[in-house]
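Here is a short note for someone opening this entry for the first time. Please read it beside the model.

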Amino acid sequence: MLIRNINVTMKGLYFQQSSTNEEITFIFQERENLPVTEENYVKLQVKACALSHINTELLAEMKMEKDFFPVGREIAGTVLEVGSKVSFFQPDDEVVGILPLDSEDPGLCEAVRVHEHYLVHKPEKVTWTEAAGTIRDGVRAYTALHFLSHLSPGKSVLIMDGASAQGTIAIQLAQHRGAKVISTACSLEDKQYLERLRPSLARVIDVSTGKAHVAESCLEETGGLGVDIVLDAGVRLYSKDDEPAGKLPLLPHKHDILTLLGVGGHWVTTEENLQAPCG
């Protein structure tokens, strides 16, 4: 989305939930194009905005009750104004960032105001669309590897669904850190894509046929020790017969992950309701 002129008023995209929380309505609202008044805030002209899943359950848990919620959080753009105490940016800087959940401004708007700590400088050779489209998965992958599992050189890492956006970024970050990377592929096309990556992966496990055993492959690759870090893309909590409709049959069972995880290993999961035995 390219913007050439900043007007006195502008339209922003918001969503509104029904009283039963079952339906979502999207609407454009007129809003004032206000200057920066907070000392640590930056005003930027939006060049691109990514549309990600709106987690209404999270908003409800955080008791963020509003009539209208702004849409679009991952943004890239050019700095227009800076507050008096902003130290990292100046006008005309190209930046990318993620708007906080309590932001009053939608990313799908001509201009937004955001605290400078939610922004970083955009690399010169990265396009606006690429920057806005990858910042979310990049932050998730970096957080999982470096903060939640303390990745270090020589560690073995299993990245499930490595051909996905987050999986591809996680693979690159892990290899950059000097880790040994194993990944799963959910289709023949994904398998071919992962096998073409350079540096090469230690092993690509094709789970699309249902014949490959992830736990056995990982234990074989690590000499029976198990992997140090697992980044899943969802897991099955029950047997296939008891699993709720909609769960992908290619997902590993939680017991498989526990089997292939080495002593002192870290498992970073996307499953909200995971219950695993400890001991």
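1. Start with a helix pair. Helix 2 (residues 128–148) packs against helix 3 (residues 165–176) at an angle of about 50 degrees, and their axes are 9 Å apart. Axes here are lines fitted to C-alpha atoms, for helices over the stretch in contact, and angles run from 0 to 180 degrees between N-to-C directions. The two helices are therefore oblique to each other. On this scale, angles under 35 degrees are roughly parallel, over 145 roughly antiparallel, 65 to 115 roughly perpendicular, and the rest oblique. The crossing of helix 2 and helix 3 is right-handed.

2. Which residues of helix 2 and helix 3 meet? Helix 2 brings Thr134, Asp137, Gly138, Arg140, Ala141, Tyr142 and Leu145. Helix 3 brings Ala165, Gln166, Ile169, Ala170, Leu173 and Ala174. Contact means heavy atoms within 4.5 Å.

3. A word on the basis. This is a predicted model, in which local features need pLDDT of at least 70 and side-chain atom pairs pLDDT 80 or more, while totals for chains, interfaces and linings use all residues. Residues are numbered from 1 along each chain as its sequence is written, and side-chain values use heavy atoms, without hydrogens or water.

4. Now the overall make-up. The protein has six helices and 13 strands. These are DSSP runs numbered from the N terminus: helices are H or I with at least four residues, strands are E with at least two. Of its 279 residues, 43% count as buried. Buried is under 20% relative accessible area, exposed is over 50%, and partly exposed is in between (1.4 Å probe, protein chains only). Take the contacts between residues at least 6 apart in sequence: 66% of them join residues at least 24 apart.

5. Look next at the aromatic rings. The whole structure holds four aromatic pairs. In one of them, the ring centres of Phe15 and Phe69 are 5.2 Å apart and the planes are at 20 degrees, so the pair is stacked. Rings of Phe, Tyr and Trp (its six-membered ring) pair if their centres lie within 6.5 Å; planes under 30 degrees apart are stacked, over 60 edge-to-face, and the rest tilted. Are Phe15 and Phe69 buried or exposed? Both are buried. Ring pairs also link Phe15, Phe26 and Phe69 into a cluster.

6. Lys122 lies over the face of Trp128, 4.8 Å from the ring centre. The test asks for NZ of Lys or CZ of Arg within 6 Å of the ring centre and within 35 degrees of the ring normal.

7. Check the backbone too. Most residues other than glycine have a negative phi, and most peptide bonds are trans. Asp92 is not a glycine, yet has a positive phi of about 80 degrees. Asp92 sits in the loop between strand 5 (74–82) and strand 6 (94–98). His150 also has a positive phi, of about 55 degrees. The loop between helix 2 and strand 9 (156–159) holds His150. The peptide bond from Arg198 to Pro199 is cis, with omega near 0 degrees. Pro199 belongs to the loop between helix 4 (188–196) and strand 11 (203–206).

Technical notes
A crossing is left-handed if the near helix is turned anticlockwise from the far one by less than a right angle, and right-handed if clockwise.
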